[in-house]
Amino acid sequence: MRDELRAALERHVPADAKEAADRAAMLDFLARLPAPFSFEQAAAHFTASALVVDEERARTCLVLHRKLGLWLQPGGHVEPGDASLGLAALREVREETGLSARLADAAPVQLDIHEIPDRPDRAAHLHLDVRFLAVAEGDELTLSDESTDVRWWPLADAATAGDESLSRLLRAAT
């Protein structure tokens, strides 16, 4: 998976200066972290997420993250059985929303590094998030224990639901 990710990062065209800096930092982390996909990496690790849209591409599914208190796209840690970051993102979509989905493209639509704040069970660390666009197959949602809410948002309203990171993802993916 390391070689596949390196190639995807090298091919990715950043949309702005932040994404360009994040891409450069991700390539650096990928080269120097012994286990870049492991949750056990204390400083930083790669994660995968997906902006999920309906078939008409009029709505997106967001989750209200229990620990962070933010409306976000589904996503999270890469598991040992995940064959790729895209498949990890789809697994997270299924776990967090109950939706089956397919990737709109195998290539990521956006890259983002964000800090996860210090918590009693875990020191602050960076998520090196590789983000995909996914199309839902159906629209019935299931709330997971990782979230306090899950819902469909009109794309026009979704940017107001979350933070700047979600807004950048929406601009990149739609």
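His 114 stands opposite His 127 in β7. This is a predicted model, in which local features need pLDDT of at least 70 and side-chain atom pairs count only at pLDDT 80 or more, while totals for chains, interfaces and linings use all residues. Residues are numbered from 1 along each chain as its sequence is written, and side-chain values use heavy atoms, with hydrogens and water left out.

Let us begin with confidence. pLDDT is the predictor's confidence in each residue, from 0 to 100. The protein chain has a mean pLDDT of 94, and 100% of its residues reach 70 or more. Confidence is lowest in helix α4 (residues 155-161), with a mean of 91, and highest in strand β5 (residues 100-103), at 98. Helices (H or I, at least four residues) and strands (E, at least two) are DSSP runs, numbered from the N terminus.

Now to the strands. Two of them pair if DSSP finds at least two bridges between them. Here are some of the pairings:

| Strands | Bridges | Direction |
|---|---|---|
| β1 (residues 44-53) and β7 | 10 bridges | parallel |
| β6 and β7 (residues 125-137) | seven bridges | antiparallel |
| β1 and β4 (residues 75-77) | three bridges | antiparallel |
| β1 and β2 (residues 59-65) | two bridges | antiparallel |

Val 52 has Ala 134 as its bridge partner in β7, Thr 47 is bridged to His 77 in β4, and Val 53 stands opposite Thr 60 in β2. With five residues between them, β1 and β2 form a hairpin, and Arg 57 in the turn has a positive phi of about 60°.

Burial is worth a look too (buried means under 20% relative accessible area, exposed over 50%, partly exposed in between; 1.4 Å probe, protein chains only). In a regular strand the side chains alternate between the two faces of the sheet. Both faces of β1 are covered: one side carries buried Ala 44, Phe 46, Ala 48, Ala 50 and Val 52, and the other carries buried His 45, Thr 47, Ser 49, Leu 51 and Val 53. Strand β6 (residues 110-116) is largely enclosed by the rest of the structure, because five of its seven residues are buried.

Helix α3 (residues 85-97) is mostly covered as well, with 10 of its 13 residues buried. Among these are Leu 85, Arg 91, Glu 92 and Glu 96. After α3 comes Gly 98, with a positive phi near 80°.

A search of the whole structure finds two aromatic pairs. Rings of Phe, Tyr and Trp (its six-membered ring) pair if their centres lie within 6.5 Å; planes under 30 degrees apart count as stacked, over 60 as edge-to-face and the rest as tilted. Phe 37 and Phe 46 make a tilted pair, 5.8 Å centre to centre with 45° between the planes, and both residues are buried. Trp 71 and Trp 153 have ring centres 5.2 Å apart and planes at 75°, so this pair is edge-to-face. Since Trp 71 lies in strand β3 (residues 71-72) and Trp 153 in strand β8 (residues 147-154), the pair ties together parts 82 residues apart in sequence. Trp 71 is buried at 11% relative accessible area, and Trp 153 is buried at 14%.

Finally, Arg 2 lies in helix α1 (residues 2-11) and, at 25% relative accessibility, counts as partly exposed. Beyond four places in sequence, Arg 2 touches residues including Leu 30, Ala 31 and Phe 37, where contact means heavy atoms within 4.5 Å.
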